[in-house]
Amino acid sequence: MAADQPPAPVAEIVVTAPRLPPAPADAAFSIVSLSRAALEASPSLDIALEQVPGFSLFRRTPSLGANPTTQGASLRAIAGSGASRALVTYDGVPQNDPFGGWVIWTSLPSEIVGEARIVRGAGAGPYGAGALTGVVELQGPDARARSWNAQLDGGSLGEVRGEAGATLPAAGGLLDLAAAAERTDGWIPVIAGRGAADTRLYLRDGFGQARWLFRQSATTTEVRASAFEETRGSGLAGGGSHDEGGQASVTAARAPAAGVVGWRAQAWTTLSNLQNVSVSVAPDRSSTTLVDDQYATPALGWGANGAARELLAGWTLEEGIDVRGASGEDREHFKPIAGALTADRRAGGAALVGGVYIEASRVLRRLTLVGGARLDGWEDYNGHRIERSLLTGATTLDQHPASRGGIVPSGRLGARLDLGADLYLRAAAYAGFRPPTLNELYRPFRLGNNVTEANADLTPERLYGVEGGAGVDHGPFAAAATLFYNRLDDAIENVTLRAGPLLDPVEGFIPAGGLLIQRRNVAYVDAVGIEAEASFHAAPRLEASAALDWTDARVHGGAQAPALTGLRPAETPRWTATAMLFWRPAPRARFFADLRYESARFADDRNLLRLAPATTIDIEADWRATRGLTLFVAADNIADVAVATDETATGITSYGPPRIVRAGVRVGGG
């Protein structure tokens, strides 16, 4: 008789990465979420995040072709920077490089991201240092036992990409594995005036990650390790970069409940090592000359944080603490003479930042009130810049800047009033800060014919802002608009000092068309702006959204850079707008389209090098052949628009990727 009974159903085992649930305080702030479906439809994570107006890397070039040092993320177009002015986290662990603050986007393939939450406005609260213009919170997907998936696609520009993942029962929990690899022959960024010096922006990268997740009683724990490697061409003969690193973390969390204090605890460490070869270009672009060989930049980052959250009769109270450390050193050969590099540099140091915070929110029927305060301490120490001649071995420069530090208070206030009929009003005020990175403090660098000097006297940037907004969330339709004002004090900007040709006593000869630049704290940057978004979800057949961001940002240079007063910050557009469409014309078919418009921006601090506006459209069509098999075809920049990404003082313009057509297959099961 037992043999005639149907088999007992096996419960699906799903483990969510340990984190505290969204707080009631979130309702008072500007937060946008992108689903996994929206992320996987884009060729890379940074391109997917550009669906949120105001999000940008320092330059227009996406991570497909950008040098690692230009991949810093910022929000609200207040002022771009090679070092991120936004904090990027993955399951709570900072992803900003410990030496330079930029983000290696190839180490964050869409395979490992379940959702992205973009918090616009200075972080304060639980986010701390670095969350100057906001936070990009990346969350790992839920781990489902005995599930697997893979994707393989290829297309124009010699592009081949593969991703795979599997989740297996292991030691009382789930072992979630993911890997990704990519190669592309890239494109030549210079069109008009191209010469033999101009080569392709090729890319080779690989990534691997393992997460062990287990739940014991009400506590969830994750042990994670990941590693990445990438090699890039710079678009100039003889130039290129190689970057590698890894990260490890341990996180545990318990959700709060009535009478039970929720908590989160985390420790992490990051290793990275960047190698970068720079060349200068002959006036006729017929050849290049080696000018800098950054042969190693070993860096270590580490940190720990914890928080406790308690629910008290309409109140939510959270207290927390975090600490982060970084150390690293740039090692390079520079100062070319007769085609040979004649000097060696060791430049770097260490930094420490830590803080405590408390935040309370109160829900009173239709009114939510939020208030929080932070106190952070920062210190830069062991700074050094030592240079010696490779010809004689003699030390030519030996600088050891004094240790510096300080205490920075910050915080945020917010309120949301629900008016009924799915309408609401909200307002917020906040403050945040970002200490300068080790790269900004100690390492000069050369990009083509331009030399940018470091500045060990840089002080932290501080942002103060207020905003107010209104919105509606009615069934399938939602819309919101926000008016904001931000002031960025002591903004770290690349300030042009002189134009070539000139002979710099430290960096050597800078040819005509080249610039001598230095990082400096300018007085402040003012920014007033409007952001708005609307969406319609008639799931499962149709989802559509549109959004825009208008920001008028102006530099006030003060004594450090008086010539910049009244100008717009470099790499800062006034307008960005996006539109997105998901359409299922049939149960097995799906169509995705993404449009992005950006107004003109300037490639330089003096607003002399204007980059024209650009509109790009990406599309993808999927067909689910069987339950576990999906075929797709995609076209990125389908109209083949020439998107200007940089311009030199000699009038040479570089451009982003042309049209890329891809086709591939996704499989999965479990």
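## Asp 322 and its surroundings

In this predicted model, Asp 322 touches Ala 304, Asn 305, Val 353, Gly 354, Gly 355 and Arg 374, leaving out residues up to four places away in sequence. Asp 322 lies in strand 19, which covers residues 315-337. Is Asp 322 buried or exposed? Its relative accessibility is 10%, so Asp 322 counts as buried; the cut-off is under 20%.

One of these neighbours also makes a polar contact. The side chain of Asp 322 meets the side chain of Arg 374 at 3.0 Å.

## Asp 490, a loop residue

Asp 490 sits in the loop between strand 28 (477-489) and strand 29 (492-499). Its relative accessible area is 30%, so Asp 490 is partly exposed; that class runs between 20% and 50%.

Which residues does Asp 490 touch, not counting those up to four places away in sequence? They are Thr 459, Pro 460, Glu 461, Asn 521, Val 522, Ala 523 and Tyr 524. Take Asn 521 from that list. It is 31 residues from Asp 490 along the chain, yet the two C-alpha atoms are separated by 4.8 Å.

## Strands 12, 13 and 14

Strand 13 (residues 203-216) pairs with strand 12 and with strand 14.

Ala 210 can be followed across both pairings. Leu 177 stands opposite Ala 210 of strand 13. In strand 14, Ala 210 has Ala 225 as its bridge partner. The hairpin of strand 13 and strand 14 has 2 residues between the strands. There, Ser 217 takes a positive phi near 60°.

Another sheet is open and holds 5 strands, in the order 2-7-8-5-6. Its pairing is mixed. Strand 2 (30-35) and strand 6 (93-94) stand at the edges. Each has a single partner strand, so one side of each lacks a neighbour in the sheet.

Inside the order, strand 7 (residues 115-120) and strand 8 (residues 134-139) run antiparallel, joined by 6 bridges. One of the paired positions is Glu 115, whose bridge partner in strand 8 is Gln 139.

## Nonpolar cores

In soluble globular proteins, nonpolar side chains tend to be buried together. Here the largest nonpolar core has 30 residues. Those with the most contacts inside it are Leu 45, Leu 49, Phe 55, Trp 105, Leu 108 and Leu 138. Two or more residues each come from strand 2, helix 2 (45-49), strand 5 (87-90), strand 7, strand 8 and strand 12. Helix 2 gives the largest share, 3 residues.

A second, separate core has 22 residues, including Ala 25, Leu 132, Leu 488 and Val 525.

## The whole chain

The chain has 3 helices and 43 strands. Of its 670 residues, 55% count as buried. Among contacts with a separation of 6 or more, 65% join residues 24 or more positions apart.

The radius of gyration is 25 Å. A compact globule with 670 residues would have a value near 26 Å, so the two agree. Along the principal axes, the C-alpha atoms fill a box of roughly 90 × 55 × 45 Å. The accessible surface is about 26,100 Å², with 62% of it belonging to carbon and sulfur atoms.

Conventions. Residues are numbered from 1 along each chain as its sequence is written. This is a predicted model: local features need pLDDT of at least 70, side-chain atom pairs count only at pLDDT 80 or more; totals for chains, interfaces and linings use all residues. Side-chain values use heavy atoms; hydrogens and water are left out. Helices (H or I, at least four residues) and strands (E, at least two) are DSSP runs, numbered from the N terminus. Buried means under 20% relative accessible area, exposed over 50%, partly exposed in between (1.4 Å probe, protein chains only). Contact means heavy atoms within 4.5 Å. Two strands pair if DSSP finds at least two bridges between them. A polar contact is a pair of N or O atoms within 3.5 Å; within protein, one must be able to donate a hydrogen and the other to accept it, and residues adjacent in sequence count only if both atoms are side-chain atoms. A nonpolar core is a set of buried Ala, Val, Leu, Ile, Met, Phe, Trp, Tyr and Cys residues joined through side-chain atoms within 4.5 Å. The radius of gyration is taken over C-alpha atoms; the globule rule is 2.2 Å times the number of residues to the power 0.38. Accessible areas come from the Shrake-Rupley method with a 1.4 Å probe; for residues, only the protein chains shown count as cover.
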